[in-house]
Amino acid sequence: MILLWLILIPIIGGVLAWIFGKVNPLLSRWISLIAMILDLILAVVIWIQHPAQIALENQGGWLLQFQAPWIPQYGIGFYFGLDGISLLMVLLTAFLGVVSVLASWSDIRERVGFFHFNLLWILAGVTGVFLALDLFLFYFFWEMMLIPMYFLIAIWGSANRIYSAIKFFIFTQASGLLMLVAILGLYFTHFQNTGVYTFNYTELIGTSIPSHLAMWLMLGFFIAFVVKLPAVPVHTWLPDAHTDAPTAGSVILAGLLLKTGAYGLFRFVLPLFPNAAAQIAPFAMILGAVGIIYGAVLAFAQNDLKRLIAYTSVSHLGFVLIGIFAFNELAFQGAIMTMICHGLSTGGLFILVGIIYDKIHTRDMDRMGGLWESVPRMGAVAMFLAMASLGLPGLGNFVGEFLALIGAFQVNIPVTAVAVVGLVFATVYSLWIIQRTFHGEQRESWELPDLSIRNLAVMASMIIILIWLGLFPKPVLDTARPALQKIERGIIPISQVEDQTPNPGMSRNLSDNPLHIAEPVNHNSAEQEGT
Amino acid sequence: MYSLLWLVPTIPLVSFFLLMLVGARLPKKTIAAFGAGSVGISALLALVISFTFMTSPPPQHAYTQVLWTWIGVGNFSPDIAFHLDALSVVMMLVVTVVGFLIHLYSIEFMREEEGYSRFFAYMNLFVSMMLVLVLGSNLVLLYLGWEGVGLCSYLLIGFWYKDPANGRAARKAFVVTRVGDAAMALGLFLLFTQLGTLNIQAILEKASLQWATGSTYATAAAALLLGGAVGKSAQLPLQTWLPDAMAGPSPVSALIHAATMVTAGVYLIARTNILFTLAPPVQLLVAVVGAATLLISGFSALTQRDIKRVLAYSTISQIGYMFLALGVGAYTAAIFHFMTHAFFKALLFLGAGAIIMSMHHEHDMFKMGGLKDKMPVTFWTFLAGSAALAAVPLISAGFYSKDMILWYAWSSKSGGAVLWLVALIGAFITGLYTFRMVFITFWGETKGHIDKLPGKTIKIPLIVLGALAIIGGFVDMPHTLGHFAPFSEFLHSALPEVNAFELGLGTEVLFQLIAAAAALGGIYLAYQLYLKKAIHSREVSRGAVRGAVYRFFFSGWGFDWLYDWIFVKPFLWIARVNKGDVVDAIYTGIAAVSRGLHNLVRRSQDGKVRVYAAGIALGAIITIAIAVFL
C-alpha cells in the first residue's frame, strides 16, 4: 500500500493544486511543495527501513510489493514492486520533485494551478514507471508522464515551444508504440507457451522466445528506451525540448525522463531478453561512445546556454548506455550512479540558467560574460556544477563514470578508450560554460541579484549530495547491489506468486545464461562482498 | 603520532570550506590567518610526524591509515586511506613547508587584490589536494588528488578572470593535462582489470609476481601512466601549457607550477617504479622524454624576455632532469632534485614576483635592470636561487642533486653516453639562461621605476628559501665528498637503489669536474654576453636565419602552432559546421517530405467534379488493366 501512496500523493496533490490555484496561486505552490516533501519523506523512510541486503532472500528480491486485480480476464493487474534500483530512482524523483517546485516558485506566473497539476502528474507518472511490474501498467505510466510534459513545454515554454513539444511527443510516442507492440508480442508468446494471459513482469521473465522473435521484441523495447535516454541518432528531440521547456520541465526531463529510458533497459531489456541483449551489446556500447563524443562536440558548438547543457546530457547518458551493456556489476553500479548524479548536476545547471534567464531575458552566451563580479555565489555554484559535470573526482559523477568505464574496460577496450576521450571533451565544454558566462569582461552591464535564500538552499542541498556521493557512495551502492547482481546473473529468484504456478521457462533460463559470457574476472567476489 | 596523519591534508581543506562559505565577509587579517595558519599547522604536524618517522620508524618503514572504504563494488574497493613511507614523508614535508612559506608570502603579495579570500581558499584547497596526491594509498585516491590539484591550477591561473587571456591559459592548462589524465585513467583500468586491485603497494607486489619483464601488460600500463605523468609534469609532448600558466599570480607559479604540482608526474613514476622496471622500453622512453625536454625547453628559456617565462621553461627543463633520473633508475636522485628544485625554483618565482610587484606588474626583464642595489634582499636571495638552478659547484643545493643525475645518466646500467651528453649540454644552457636572467635583471642601468619595496612577510620566505637553496643539498653528498648521504639512505626504504656500474672514485671526480665546468662555462658565457657585452647580445638574433631560429626557440619550438593545426582548428571547424546537428536533418527531412506530399495530395482535392470523375475513371481503368493482365 505504501507504494501506492508514493504515486497517489502527487496525483492528489496535483488535483488539489489545480483546484486551489484558482483561489490563490501561492496556495497551489505550497500544496505542491508539501505533497512532494511528503513523497520524499515517504521514500526516505522506505530507504531507511529496508536495507536492501536483507531483501534478496525474502520476497524474490522485492523490498516491497503491492498487488491488486485490475482487468483479470486479460491478465492485467495493479502490480507494483520496489527493489534497490527503483528505490533509488524514486528517491531521485521525489527529491527533484521538491527541487522543481521550488525552481518554479517565482518563475511561473501564469496558470499556476494547472502548471502544478501537470508537474505533479508527471512526477506521479515517473514514479509509476519506476514501480510498475505489470507491463500494461508500465505502458500506462509511460504514457501518463508524456502528456502533462507535452503541456508543460507547449504552454509554459519559451520561443519555439509548440514545435519542440510536438517533436518531443512524436519521438516518444512513436517509439512508445514500438514498445507496445513488443509488449503484446511478449504477452502472446507467453500465452502460446503456457496458455496463460498475463502482463505480470515476474511471470513473463524467463519466457522462452524463439531467438529471431526475441531479437525483434527486444528491439521494440530497446528503441523506446534509447529514444528516451537518448542515444545518437535518436537524440534530436532532446535539445529542442530541453531548451524550450520551463526550468522545472528541463530539470525533470534531464533528471528523470531520461532516466526512465535507462531504467527500462535495466528492468526489462536485460532480464526479459538476455540473449538478444547480449547480441546487441557491442552495438549498444558503440552507440554510447558515439553519443559521448558527438554530444560533447555539439554542446561545445552552442551559443544558447540552455541548449549547450541539453547536449551535455546526450554525452553523459552515453556513459550510462555503455555501463548498462557492459554486463558486469561495476559498470551497472556506474550507470546507476551516473543516472543519479547527472540528475543532480545537470538539474542544478538548468536551474541556474533559469535564474539568469529570468533576470536578463537571454540565454545567448555572447551577451553574457563577467557575471562573476556581480553574482559570485552563483558563479561558485556554477563552477561546482561544471566540475561535477566534467567528472572531477570527489564528486558523485566521477564515481559513476569511473565505475562505468572500469567495468566497460573489462569487456570492450576500444569503446572505453573512446569514452575516456569524452572526459577531455567534457572538460572543454564545461570550462567553456564558465568562461563565457561568469569569467571574462562583462559585455553588457547586467545588474542581477545573487542567489536568493530559496535557491541557495536548493543548490546547497544538491552540492552536499554530490559531495556525499563522491566521497561516501556506499549507501547508494549497497542499495542497488542486490538488484544489480540479480540482473548480472540473469537469475530472477522465484517470487511467492510463482511458487504456486511454476514456470517452465524459468529453469531453462537458469541453466544457460548468456550473460555469463560477459562475466568479469571477479564474478565470485560479489557474493563474498555481500556477506 | 601517526594517527594524526589524516589531519595534515584535512586542516587546509577545512580552511578552504570556511573561506569559501564566509570568506567574503571576513576582514583580510582573519582571512590571512586562516589561509596561511591552516597550512602552517599542517606543516608543523607534518614535521612532527616526519620526525617520529625518522627517529622511530614504523614496522617495514610504512604506515597506512585507513579512514573508510570509498567505493566498494565487488573486489573494486579503494579506500580513503593514507600511506606514509619515506617517499611520502619527503613529499609531504616539501609540500607543507614550502607551501607554508608561499602562503606567508602571499599575505602581503596579494593584499591589494580583489578576491583575497578566494585566493587563499583555492591555495588551501591546492595544498590539501596535493597532500592527498602524495599520501593516497591507492591510485584512485591519488587520482583524486591529481585532478584536484589540476582544478586548483586552473582556478588560480585564471584567478584574474576578467582578462580573457588568463581564462584561455587556465583552460589550456586544464585541458592539456586532462589529455594526459585520460591516458592515466586507462592505465588505472588496465591495472585493475589485470591485477584486481588499485592499492599501490598491492599493485607493485602483484605486478612483479604476475608480469615478466617486458610483458605487454606491464609495458602498456607503464606507458599509460607515463601519459599522465608527462601531462602533469609538462614534459614532451604535453609541455605547452606551462609557459602560459604564468598568467597566474606569482605565488601560484611558485607553489603549483614550480615546487609541487608539476612534479606530481615524477612522484607518480617513482611511486610505481616497479611497473617501469618491468617495462624497459617505457623506462627508456622516460629517460628520452626527460633528456629531449630538458634540452628543448632550455633553448626556449634562452630567448624569453618575460622573467616568469624564463623560469617556466627552466622548470620544464629541470623536471626533464628528474625524468632523466627516473628513466635511468636513479629514483632517489630524481626525488633529491625534486626537493632542491622545490626550494630554489619557488624562491626564484617569489623573487620574480617581488620584482614584478615593485615595478608595476612589469614582466619584461629588459625593462628592469640595475635592481641589485635597490632591492638587496631580493637580489641576494635571487642570486642564491640562481646559483642553485645553474648548479654552481659545492656551494649550491642544485649542484648536488644535478650532479647526481648526471653521474647516474652515465654510470647507470640503463644510462649511456648520449643521455649524459644531453644532460651536460643542458647544464651548460642552464647556467647560460639563468645568469642571462640575473645579469639583465639586476645589473646595468635601472630602466623602470620602483615604488614599493617588499615588506617583512615577503622577505622572510625569501630568506628561508634562500638558505635552503644553499644548504638543502648537504643532505646527500657524493662519494667523492665523504659520502654523507642520509637522504638517499632514508629513501631507500621506499625506493630501489640505482643499478649502476662501479666506476671508481677517479672517474666520478672527473665527471664532477666536467659537470662543474659545463655549469660555470654557461655562467661565464652569460657574463661575456650580457654583463661585459664582449659580444653584442642583439647580434644573436639578427639576420634571417638566426632570427628564424630565435623565433622558433622563443615560441617553444612551434608546438602550440602544431597542436593548433592538428587538434584545435579541426575541432572548432567540426563544431562550427555541425552546430545545427546534422542528424536532425534526417528528421526535419522526413517532416519536409511529408509536408510536401501533403501539399501534393491536397492539390488534388480542389472541389472540381470533372477532375474527380477523371480520377475515378483513370483508377477504374488501371484496376481493370491489372485484373486483366495479371
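## Helix α22 of chain B

In this predicted model, helix α22 of chain B covers residues 504-531 and holds 28 residues. From its first C-alpha to its last, α22(B) reaches 40 Å, close to the 40 Å expected at 1.5 Å a residue. After the helix comes B:Lys533, which has a positive phi, near 50°.

Several residues of α22(B) are buried, among them B:Phe511, B:Gln512, B:Ala515, B:Ala518 and B:Ala519. Further along, B:Gly522, B:Ile523, B:Ala526, B:Leu529 and B:Tyr530 are buried too. An α-helix has 3.6 residues a turn, so residues three or four places apart point the same way.

## Chain B as a whole

Chain B contains 26 helices and two strands. Its C-alpha atoms fill a box of roughly 115 × 60 × 55 Å, taken along the principal axes.

Of the 630 residues in chain B, 56% are buried. When contacts between residues at least 6 apart in sequence are considered, 81% of those in chain B join residues at least 24 apart.

## Packing of α11 and α14 in chain B

Helix α11 (residues 264-271) of chain B packs with helix α14 (residues 307-327) of chain B at an angle of about 5°, and their axes are 10 Å apart. Because that angle is under 35 degrees, α11(B) is roughly parallel to α14(B).

On the α11(B) side, the contact is made by B:Val266, B:Ile269 and B:Ala270. These meet B:Ile319, B:Met322, B:Phe323 and B:Leu326 in α14(B). By class, this contact has seven nonpolar residues, with no polar and no charged ones.

## Where chain B touches chain A

Between the two chains, 41 residues of chain B are in contact with 46 residues of chain A. On the chain B side, at least two residues each come from β1 (62-69), α5 (139-157), α6 (164-195), α24 (559-577) and α25 (582-604). The most is given by α6(B), with 13 residues.

What classes of residue make up the side of chain B that touches chain A? They divide into 23 nonpolar, ten polar and eight charged.

## A residue in chain A

A:Ala417 is found in helix α18 (residues 413-437) of chain A. It counts as partly exposed because it has 18 C-beta neighbours inside 10 Å, where a buried residue would need 20 or more. A:Ala417 and A:Arg307 lie 110 residues apart along the chain, and their C-alpha atoms are separated by 27 Å.

Conventions: Residues numbered from 1 in each chain as written. Chains lettered and ligands numbered in written order. Predicted model: local features only at pLDDT ≥ 70, side-chain atom pairs only at ≥ 80, totals over all residues. Axes fitted to C-alpha atoms, helices over the stretch in contact; angles between N-to-C directions. Helix = DSSP H or I, 4+ residues; strand = E, 2+ residues; numbered from the N terminus. Parallel < 35°, antiparallel > 145°, perpendicular 65-115°, else oblique. Contact = placed C-beta atoms within 7 Å. Nonpolar A, V, L, I, M, F, W, Y, C, P; charged D, E, K, R; others polar. Buried ≥ 20, exposed ≤ 12 C-beta atoms within 10 Å, placed from the backbone. Expected span 1.5 Å × (residues − 1).
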